[in-house]
Amino acid sequence: MPLIGYARVSTEDQTPLPQSQALKSAGCVEIHEEQASGGNRARPVLARVLERIGKGDTLVVVRIDRLARSLSHLLEVIERLEAKGAFFRSLTDPIDTSSPQGKFTLQILGAAAEFERALIRERTKAGLASARSKGRIGGNPGLRARDPAALRKVRLARQDGYMERLNETAQDWVPHVRRLRPDLAWEDVVRIVNGPLPHERQWTQSRLLRAVNAYVRDGFLPETVLGRAGRRDTDDRLPAIVAGIKGANPEITLQEICNRLEKMRERTPRGRTSWQPSSVKMLLERAERLGLLG
């Protein structure tokens, strides 16, 4: 079971060397280094590691804060790993999800996070009830008066909050959209994006389109991704989908592509629901002839 190391530093003045050495001593067969803020969830190196990690692999960090700066982000990453049959280990913290003790620690962390959220909700409700009993009305006076400046401020704040939430999931969909659009229709792009994601994090076509429009508006994606998908021969559709899956992870195996297609409920060229590596290989060869593999 390969150990995959991840080392992160926040600034260029710092060096990941001590982390990499500790990960190497722990037996990591490959180590990925990244310079990025811990508060930024959309880290390209981490996104590639999470995309490529396979069943039985273990993601290893020196300390939890090298991976995540919040409990919610840590639990989100571990949930993605568990969905792929992979594990997580921190060398200096008592977390190793491949062991019963590590899973127990993780359950305690999850319960603590939920307890904290419940306390915040209760304190908020109590504060609002107390204010109402004293005759104070909550909310923004400018909004109650429909003041244009106040309305604009709230609208911008909502947009900022929406973009922040999008940035947390950008690694799930931005690479696919950038690579597949407008060559593939949106319904096929959505299915490819959702392939490796757990059910609760999957996208609808309307939500994805809204996210893409927001990223295009702010210059994070080119306008060309919103172009109309050209007509594609029926025989070329499957090679394009397989090429899209392969392009997202060049190291993916034929069997893993089979699993992805079955999860997408994509039928074989002969109309079957069960895929074989030989069929995927044939489609990849056709995709290469069509120039779909970069």
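Leaving aside neighbours within four places in sequence, which residues is Arg178 in contact with? I get Phe220, Leu221, Pro222 and Val225, with contact meaning heavy atoms within 4.5 Å.

Before going on, some ground rules. This is a predicted model, so I keep to pLDDT of at least 70 for local features and 80 or more for side-chain atom pairs, while totals for chains, interfaces and linings use all residues. Residues are numbered from 1 along each chain as its sequence is written, and side-chain values use heavy atoms, with hydrogens and water left out.

**Arg178**

I find Arg178 in helix α6 (residues 148-180). Helices here are DSSP runs of H or I with at least four residues, strands are runs of E with at least two, and both are numbered from the N terminus. Arg178 is partly exposed at 46% relative accessibility; my scale is buried under 20%, exposed over 50%, and partly exposed in between, with a 1.4 Å probe and protein chains only. I also checked its C-alpha against that of Leu221: they are 43 residues apart along the chain and separated by 7.1 Å.

**The whole protein**

I count 11 helices and 4 strands. Of the 294 residues, 38% are buried. Among contacts with a separation of 6 or more, 63% join residues 24 or more positions apart. The accessible surface comes to about 17,200 Å², with 52% of it on carbon and sulfur atoms; the method is Shrake-Rupley with a 1.4 Å probe.

**Asp188**

Is Asp188 buried or exposed? Asp188 is buried, at a relative accessible area of 6%. Its place is in helix α7 (residues 186-194). Not counting residues up to four places away in sequence, Asp188 touches Arg237 and Ile241.

Helix α11 (residues 277-289) has 13 residues and spans 19 Å from first C-alpha to last, close to the expected 18 Å, which is 1.5 Å times one less than its number of residues. Its buried residues are Val280, Leu283, Leu284 and Ala287. They sit on the same side of α11 because they cover an arc of only 105° around the axis, taken from the directions from the helix axis to the C-beta atoms. Gly291 follows α11, with a positive phi near 80°.

Beyond four places in sequence, Lys246 touches Ile252, Ile257, Leu284 and Leu293. Lys246 is partly exposed, at 24%.

I searched a 1 Å grid over the protein atoms alone: a cavity is a set of points where a 1.4 Å probe fits but cannot get out, a pocket is an open set with protein on both sides within 12 Å along at least five of seven lines, and lining residues have an atom within 4 Å of a point. The largest pocket has a volume of about 610 Å³. It has 24 lining residues, and Glu51, Ile53, Gly54, Lys84 and Glu256 are the closest to its centre. β2 (30-35), α2 (44-52) and α10 (254-263) each give two or more residues to that lining. The largest cavity is about 40 Å³, and its lining includes Leu50, Arg80 and Lys84. For volumes, grid points are joined across faces, edges and corners, and the space filled by probe spheres set on the points is what counts.
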